[in-house]
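Below is what I looked up, step by step.

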Amino acid sequence: MKAVTLLLAVATFGAHANHDEHESHSHGAHEHGHGHLNLVVDGDQLMIELQAPAADLVGFEHAAKSDEDKAQYGKAIARLQQPDTLFRFDPAAGCKLTQQELQTAKEDHDHDHDHDHDHDHDKAASGEHEHHHDHDEAGHADMGAMYTYTCATPAKLTGLEVTLFSVYPSLENLSVQGILPTGQTAAELTPSANKLSW
């Protein structure tokens with residue numbers, strides 16, 4: 001699927017830009033209140049990838065151990081599974097969600113860490129970490145989702161309204177990168193400037 005390749009290219013470009021910009025130990029890609037949104041429009045497909053700190057999506061970054069934490073984590077997953085509350089498009093485009101994939105919390109300890117999905121799933125399921133890092137010093141958990149839409153009238157898809165700021169009030173801005181029919185785009189969205197047009 002061409003759109004997947006394009007989305008990976010956008011994500012890779014973004015990762016290199018973040019890496020170059022934040023060479024220090026600050027882990028610049030992980031900043032509370034700041035998420036990332038990658039999008040690709042390819043033919044009749046729209047792909048959106050959302051990533052943000054677990055602290056903004058769930059309310060905490062540590063492993064959910066108490067019943068209260070597990071309930072809060074469950075609510076966060078349920079919200080991510082309802083992209084209609086997170087994004088809005090022109091109804092005339094006829095975009096229907098055809099696939100979604102959740103990305104549960106993973107540790108962002110260093111730039112060289114291999115983010116193998118099976119390995120991350122095992123960590124999340126067991127609550128243990130192979131590398132035993134201290135959360136208080138360097139542990140940062142990110143999570144998010146990838147959504148694929150098929151649009152009946154893609155010519156009518158001329159923008160995106162990001163409504164997730166009302167769902168996640170601690171999220172203050174989103175860095176957006178996209179590959180659109182008109183070319184590449186980059187933007188910063190906030191609760192008061194939450195629309196992207198192309």
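**Entry 1: the chain as a whole**

I began with contacts between residues at least 6 apart in sequence in the protein chain; 71% of them join residues at least 24 apart. I note that the model is predicted.

Next I looked up the secondary structure. The protein chain has five helices and nine strands. I read their order along the sequence as α-β-β-α-α-β-β-α-β-β-α-β-β-β.

Then I turned to burial and surface. The protein chain has 198 residues, and 41% of them count as buried. I found an accessible surface of about 10700 Å² for the protein chain. Carbon and sulfur atoms account for 50% of that surface.

**Entry 2: aromatic pairs**

How many aromatic pairs does a search of the whole structure find? I got two.

Phe87 belongs to strand S3, residues 87-88, and Tyr147 to strand S5, residues 141-151. The two are 60 residues apart in sequence, so this pair ties together separate parts of the chain. Both Phe87 and Tyr147 are buried.

I moved on to Phe89 and Tyr149. Their ring centres lie 4.9 Å apart and their planes stand at 75°, so this pair is edge-to-face too. Phe89 is in the loop between S3 and strand S4 (95-107), while Tyr149 is in strand S5. This pair links distant parts of the chain, 60 residues apart.

Are these two residues buried or exposed? The cut-off for buried is under 20% relative accessible area. Phe89 has 15% relative accessibility, so Phe89 counts as buried. Tyr149 has 1%, so Tyr149 counts as buried as well.

**Entry 3: helix H3**

I picked helix H3, residues 67-80, and checked its length. At 1.5 Å a residue, its 14 residues should span 20 Å. The end C-alpha atoms are 20 Å apart, which agrees.

Which residues of H3 are buried? I listed Asp69, Ala76, Ile77 and Leu80. These residues cover an arc of only 100° around the axis, so they lie on the same side of H3. I looked at the other side of H3 as well. There, Asp67, Glu68 and Lys75 are exposed.

Note on methods
Residues are numbered from 1 along each chain as its sequence is written. This is a predicted model: local features need pLDDT of at least 70, side-chain atom pairs count only at pLDDT 80 or more; totals for chains, interfaces and linings use all residues. Side-chain values use heavy atoms; hydrogens and water are left out. Rings of Phe, Tyr and Trp (its six-membered ring) pair if their centres lie within 6.5 Å; planes under 30 degrees apart count as stacked, over 60 as edge-to-face and the rest as tilted. Helices (H or I, at least four residues) and strands (E, at least two) are DSSP runs, numbered from the N terminus. Buried means under 20% relative accessible area, exposed over 50%, partly exposed in between (1.4 Å probe, protein chains only). The expected span of a helix is 1.5 Å times one less than its number of residues. The arc is that of the directions from the helix axis to the C-beta atoms. Contact means heavy atoms within 4.5 Å. Accessible areas come from the Shrake-Rupley method with a 1.4 Å probe; for residues, only the protein chains shown count as cover.
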